[in-house]
Amino acid sequence: MLRKPRAEVAPVTRRTGIIDIGSNSIRLVVYDGAARLPAILFNEKVMAGLGSSLAETGAIDEAALVIAATALARFASLAREMEVDSLRTVATAAVREASNGTQLIAIARRLGLEVELLSGESEALAAGYGVLSGLPEADGIVGDLGGGSLELVRVVAGTVTDRASFPLGVLRIGAIRAKGKGTLDRIVAKLLDDAGWAGRGSGLPFYLVGGSWRALARLDMHLTGYPLPVIHEYTMPAATVARLQRTIAQLGKGKIRAVPNLSSGRVATMEDAAALLGVLIKHLGSSETVASAFGLREGLLFSDLTAEERREDPLIAAARDEAQRSGRFPEHGDLLDAWIAPLFEDHDDLARLRHAACLLADVGWRANPEFRAERGLEIALHGNWVGIDARGRALLAQALFTSLGGGLESPSPISQLAGLDDLEHAKLWGLAMRLGQRLSGGVAGPLKRSALAIEDEALVLRLEGDDAALYGEAVEKRHRALAGALGLTAAVDV
């Protein structure tokens with residue numbers, strides 16, 4: 001069960017960096033913020049293609065080594081300039097399997113980078129932890145597709161169980177498919193059967209990790225007109241994967257490159273990635289695919305956390321971190337949630353969304369007053385949140401939009417992401433938050449000394465004697481608005 005981070009303790013922050021030397025790309029990501037879910041401060045990749053020549057020569061070709069050396073030099077320099085507290089450099093299948101992989105490790109060492117050569121099992125473990133970091137309730141099979149290898153991991157009940165690594169990286173698939181129709185299907189079936197993985201995903205979701213598979217999800221989002229440009233937790237049924245493979249062949253690379261936010265470096269391998277995904281979910285028996293924005297790098301960070309930190313709710317941790325950075329009064333969100341909670345009989349899922357909304361209630365205060373509601377909408381829909389699906393983002397957006405003065409409308413696209421009843425409920429959160437914000441001025445004291453309650457047909461606001469002066473015209477107006485939306489009359493008890 002997820003644990004809420006304690007409100008009274010400031011989160012431990014650190015600036016960490018990971019240089020990920022993969023078979024297809026080399027990437028530097030620098031993180032900063034709360035340990036449970038640090039924000040991405042910097043993210044850059046170079047498509048070095050270290051694994052592109054392995055199938056033919058067994059070695060990394062010289063041109064790829066030159067690209068890699070240039071990228072590593074830049075990344076090492078940037079990490080120093082950014083004053084990264086901890087920098088970790090890891091390498092995966094291409095460097096592990098190449099006959100001249102030690103040459104790249106030596107290049108990195110001359111730049112002051114000590115490379116950790118991850119085993120296939122370590123890759124799989126990190127990928128599994130990465131998915132659990134962003135999807136704590138994940139229950140299914142994780143597939144991490146790199147350039148040189150494919151890792152499969154079983155995740156359930158917040159932990160990683162079985163894992164395996166297969167020589168099925170996306171850079172190898174083209175050569176396999178070139179051997180004739182059905183070859184890939186037969187090879188995958190045999191590998192899974194020999195390893196005891198055939199049918200292991202029956203009825204379970206298959207979590208997509210890796211840029212090549214995220215590109216497939218991005219393409220489907222574009223083709224279907226999906227209204228939320230957030231790939232994390234985007235779901236595709238098995239039939240969609242089969243359709244995508246045909247669509248990619250029909251569209252051609254030129255049209256695919258024109259798809260917004262789709263990395264052009266992934267276009268060349270998308271058909272192979274789709275073919276592999278199709279046969280995998282067929283032989284695993286998976287019911288659907290779920291895209292994960294988190295993978296190996298986030299898994300490495302997650303594995304370094306204490307057991308208590310891992311149990312923290314990532315949505316609440318991230319919302320609290322954002323509030324402390326952007327809000328006026330860091331403690332206000334927790335108090336506001338406790339203040340409005342008696343009005344709602346929310347089950348756990350809704351209660352955590354309401355809590356997140358309250359934590360973010362003050363993030364729009366720096367915006368132009370005429371655009372604060374739009375600012376809240378943008379933060380909720382497009383923020384780097386995890387542990388929340390599209391419906392959850394829509395409810396969060398509605399609550400913030402209403403609380404920041406946007407009124408009771410449901411602007412696009414939130415009406416496309418959640419049902420009417422859910423959105424009406426989130427509007428009530430927003431009106432209650434709006435009342436609490438105005439009554440208290442955003443500070444703690446008035447909320448601690450007052451209370452809201454529903455009694456008979458009235459929404460009663462209880463105030464201590466000296467706090468009666470806080471019940472001004474603006475507060476009365478918001479009190480009546482909330483009471484009216486609840487079908488009650490407004491009453492004050494001093």
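Me: Leaving aside its neighbours within four places in sequence, which residues is W339 in contact with?
Reply: Happy to start there: this is a predicted model, where local features need pLDDT of at least 70 and side-chain atom pairs 80 or more, while totals for chains, interfaces and linings use all residues. Residues are numbered from 1 along each chain as its sequence is written, and side-chain values use heavy atoms, leaving out hydrogens and water. With contact taken as heavy atoms within 4.5 Å, the partners of W339 are A432, L435, G436, L439, L447, S450, A451, L452 and L461.

Me: Which residues have the most contacts inside the largest nonpolar core?
Reply: A core joins buried Ala, Val, Leu, Ile, Met, Phe, Trp, Tyr and Cys residues through side-chain atoms within 4.5 Å (buried: under 20% relative accessible area, 1.4 Å probe, protein chains only). The largest one has 60 residues. A second, separate core of 43 residues includes V170, I173, M236 and V267. In the largest core, the residues with the most contacts are W339, W429 and M433.

Me: Are α13 and α15 roughly parallel or roughly perpendicular to each other?
Reply: The axes (lines fitted to C-alpha atoms over the stretch in contact) of α13 (residues 314-326) and α15 (residues 348-359) come within 8 Å and cross at roughly 10°. Their contact is made by L315, I316, A319, R320 and A323 of α13 with R352, L353, H355, A356 and L359 of α15. By class, that contact has seven nonpolar, one polar and two charged residues. Angles under 35 degrees count as roughly parallel, so α13 and α15 are roughly parallel.

Me: How many charged residues are in the contact of α8 with α10?
Reply: Helix α8 (residues 211-224) and helix α10 (residues 270-284) pack at about 95°, with their axes 9 Å apart, and are therefore roughly perpendicular (65 to 115 degrees). Among the residues making the contact are W213 and L216 of α8 and M270 and L277 of α10. By class there are 10 nonpolar residues and one polar, and the number of charged residues is none.

Me: Which strands stand at the edges of the open six-stranded sheet?
Reply: The strand order is β8-β7-β6-β9-β11-β10, with mixed pairing (at least two DSSP bridges between two strands), and the twist averages 25° from one strand to the next. Inside it, four bridges join the parallel strands β6 (residues 140-145) and β9 (residues 205-209), with V142 partnered by Y207. Each edge strand has a single partner, so one side of each lacks a neighbour in the sheet; these strands are β8 and β10.

Key. Axes are lines fitted to C-alpha atoms, for helices over the stretch in contact, and angles run from 0 to 180 degrees between N-to-C directions. Helices (H or I, at least four residues) and strands (E, at least two) are DSSP runs, numbered from the N terminus. Angles under 35 degrees count as roughly parallel, over 145 as roughly antiparallel, 65 to 115 as roughly perpendicular and the rest as oblique. Ala, Val, Leu, Ile, Met, Phe, Trp, Tyr, Cys and Pro count as nonpolar, Asp, Glu, Lys and Arg as charged, and the others, Gly among them, as polar. Buried means under 20% relative accessible area, exposed over 50%, partly exposed in between (1.4 Å probe, protein chains only).
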